[in-house]
Structures are given as C-alpha cells and as structure tokens.
Amino acid sequence: MSFQVPIISKLPQVKTTIFTTVGDLARKHNAIDLSQGFPNFEADPNLINLVSQAMQKGHNQYAGMRGLPDLRQILSDKINQLHGRHYKPETEITIVAGATQAIYTAITAFVHPKDEVIVLKPAYDCYEPAIELNGGIVVPISLEAPTYQIDWEVFKEKISSKTRMVIINTPHNPIGKIFSKADMLQLQEILRNTNIILLSDEVYEHIIFDGETHQSASRFSDLAQRSIICSSFGKTFHVTGWKIGYCVAPEQLSSEFQKVHQFNVFCVPRPVQHALAKYLETQQHYLGLGSFYQEKRDFFLNAIKDSRFKFTPSQGSFFQILDYSEITNEPDDILVKRLIVDHKLASIPVSEFNLNRRNDHMLRFCFAKKEETLTKAAEILNQI
C-alpha cells in the first residue's frame, strides 16, 4: 500500500466550480454553450497585431511589478475623464493577472482571521473561498428574486464592529443589474463613519445598456478613499484568455495590495501591456462596447420573446437571466442538465450563486456570442 499524506482541507466544502462542471457536460453532449462568460468571436485583429509587434520589438522580459508606466498613465487619464477621479499612475494603479487575482489579492491584503466581510448574494463564486482561506467570516445578505433589489436597512443591520470589508459587483454577474447613483449614495452614507474597506468588482464597467451610466465607486468621494476597484481588459476587449486587468485604489490601500501582489504574481505579460497601452489611445475601443453588446442582448431577447421564459432585460454585463417558473418547478441545476443532455443547450443555474443554493427558477445565459449561435439557442428555448 502506498503512503498517503493526511490532508486537512482549507476549503472542505468547495467542489469543482459550476462553470467547469457545466462546460465539461456541454462538450460531452456537443451542446451550444451559453454558460460561461466569454465571447465566441475573435478580438480586434489590430489588438492582436499590437501584441505581436511588441513581442517582435523585444518587449519580452519582466514588466515592473505595478505594470507598464505608459499603461498606468493612460488608465489614470481614462478614469479621470470618465469618473472625475485622479489616481496617481506611479503608486495607485496596479496591472494584474485578471480581476480574480486582484480580488484574491485584495482580500488577502486586508482580511484578517475573524474579520467579517459582507457579500451580497447571489454573488460571483470567487469571493467567499478567498475570504475563508484568509480566516475571514462571510456575512451574506440575500437579495430577493425577481428584482434583486438591495434592502439598505437590512444592509445596515449586518454591519458590526467586526466588519472589515464589503464586496459589491456592478454591473452584476450573474444578475445583470447595475448599482444606481442612489444605491451608491446609500452605500457611501452607511460606510461614511466606519473603517470598512469597499472591494468593488467592476469588470463589466463599459458594458452598460439603455443609456445608463456606470456608477463606479471612484465617482463618490468617501467611497473612493476606501475602495479597491477591480477591472478587466479580458472582458472589455473579448480576450478573456489573456487574464489581464487592473486595480485602482488610494495610495495607502494600493501599497498594502502591492505587498501581496508582488509575491503572488509579481507582474503580468509585458507585450500585452504594451499593446493595451497603444490600443486604449482610441477611446471608441471601450466607449462603443455598450451599444455593441446591447445589440446582442436585444437580438437574443427578441428571438425568444414568444418563448415561455420570462425576463427583464439585463442592465449590463454579458448575461441575461431567464425565469422558467411558468415552465417547470424542477430545481435549476436539474433543468440545466436536462437542457444540455436533451436539448443541447448549456446555461448556468443561478442557485449556485445564492445563499443556501436557493432556487429562484432562474437560469443565466451569456449573450456575448455570434448571432448565429444566439439564433440556434433561441430556437431551442422557443421549443421548451
């Protein structure tokens, strides 16, 4: 008998993510995959060429720990122009290996054992494991379907002397909602006289619909001084596989963030940073994303308007949730499997993001796909 090392798991309740499980099942059954949040169309060839050119020019060694200065400068200019907040490119902007790394690094830098972290549920699935690995205590606040509005009185009741951090996500994955200006002002007022850090996940910052404006935490003075804001180039420019993003925070917070970052990944690929610095010079590359993805959202929703699914149009992100309560009472994870196996269409059960896996009879679909893919998916949904 071979020797087995005894293991005490730090995450005993964590299993393989729903994204991997559904993705594997979709491939096995050759299903149309509207489950995971990545486009099935190519990025701008100009961006690809810029990366290639950077490599050919010899930009292939380590970048600085904080990231390429030119890239940090143009990001500082962008945020100042869009949100009226100046972040010092020398110290307050960090280029990261994707937003998930930034979120993990931020939690690791600031959450101590027994600290409480407020998480609004449904929530993207990387928040809670990071909190638990650092000895923190998750304090969930459950948002009720179908509107998923925040009850700010309940929120205030959850804050205690042990609250170290609050995590928000706007535009929201999986729900597709955005925080309104009124929401952000409420949050600012509640946190004003506390020492609580705000971790704001804003990876879909440029994917906002129907003429609305992204209410970044950087727009609000008191929130900005306590906020770590995480963003993603991968989501913005259709290159999720590049795993590159950025994080902004006041110098005091950035300094602690970078202490962890330097021993986590140290730096991220240099040629990609050179390419992005050049690509960001054309503002339409990101300012046009709202209308680009709204066309896809509207195309998808128009194609399923006569189906038995109910929906409220997504306000932002890649995602649309569909209510199947008038179709069946079965749990959403069972329906997801049945749709893959029997109908060859993959989605994500929203219960995976809910407190205690509450079943709201909602499925999440990604519409960041080619029109032909969305058409085929709609044909299936219309037959359910």
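Helices (H or I, at least four residues) and strands (E, at least two) are DSSP runs, numbered from the N terminus. Keep that in mind as you click along.

What you have open is a predicted model, in which local features need pLDDT of at least 70 and side-chain atom pairs count only at pLDDT 80 or more, while totals for chains, interfaces and linings use all residues. Residues are numbered from 1 along each chain as its sequence is written, and side-chain values use heavy atoms, with hydrogens and water left out.

**Stop 1**

Select Pro 174, in the loop between β5 (163-169) and α7 (181-191). The peptide bond joining Asn 173 to Pro 174 is cis, with omega about 20°.

Now go to the loop between β4 (137-142) and α6 (152-158), where you will find Pro 146. Its bond from Ala 145 is also a cis peptide bond, with omega near 0°. Tyr 148 sits in the loop between β4 and α6 too; its phi is positive, near 55°, although Tyr 148 is not a glycine. Most residues other than glycine have a negative phi, and most peptide bonds are trans.

**Stop 2: two crossing helices**

Next, select α4 (residues 99-110) and α10 (residues 251-264). Their axes come within 9 Å and cross at roughly 115°; axes are lines fitted to C-alpha atoms, for helices over the stretch in contact, with angles running from 0 to 180 degrees between N-to-C directions. So α4 is roughly perpendicular to α10, a label for angles of 65 to 115 degrees.

Which residues of α4 meet α10? Show the side chains: among those in α4 are Tyr 104 and Phe 110, and their counterparts in α10 include Phe 257 and His 261. Contact here means heavy atoms within 4.5 Å.

**Stop 3**

Select β9 (319-323) and β11 (348-349), which stand at the edges, and then β12 (residues 362-366). The three strands form an open, antiparallel sheet in the order β9-β12-β11; strands pair if DSSP finds at least two bridges between them. Each edge strand has a single partner, so one side of each is left without a neighbour in the sheet. Look for Pro 349, opposite Leu 363 in β12.

**Stop 4**

Finish with Phe 319 in β9 and Tyr 204 in the loop between β6 (197-201) and α8 (221-224), 115 residues apart. The ring centres are 5.8 Å apart and the planes at 80°, so the pair is edge-to-face. Rings of Phe, Tyr and Trp (its six-membered ring) pair if their centres lie within 6.5 Å, and planes over 60 degrees apart count as edge-to-face.

Methods. Parallel < 35°, antiparallel > 145°, perpendicular 65-115°, else oblique. Phe/Tyr/Trp six-rings, centres within 6.5 Å; stacked < 30°, edge-to-face > 60°.
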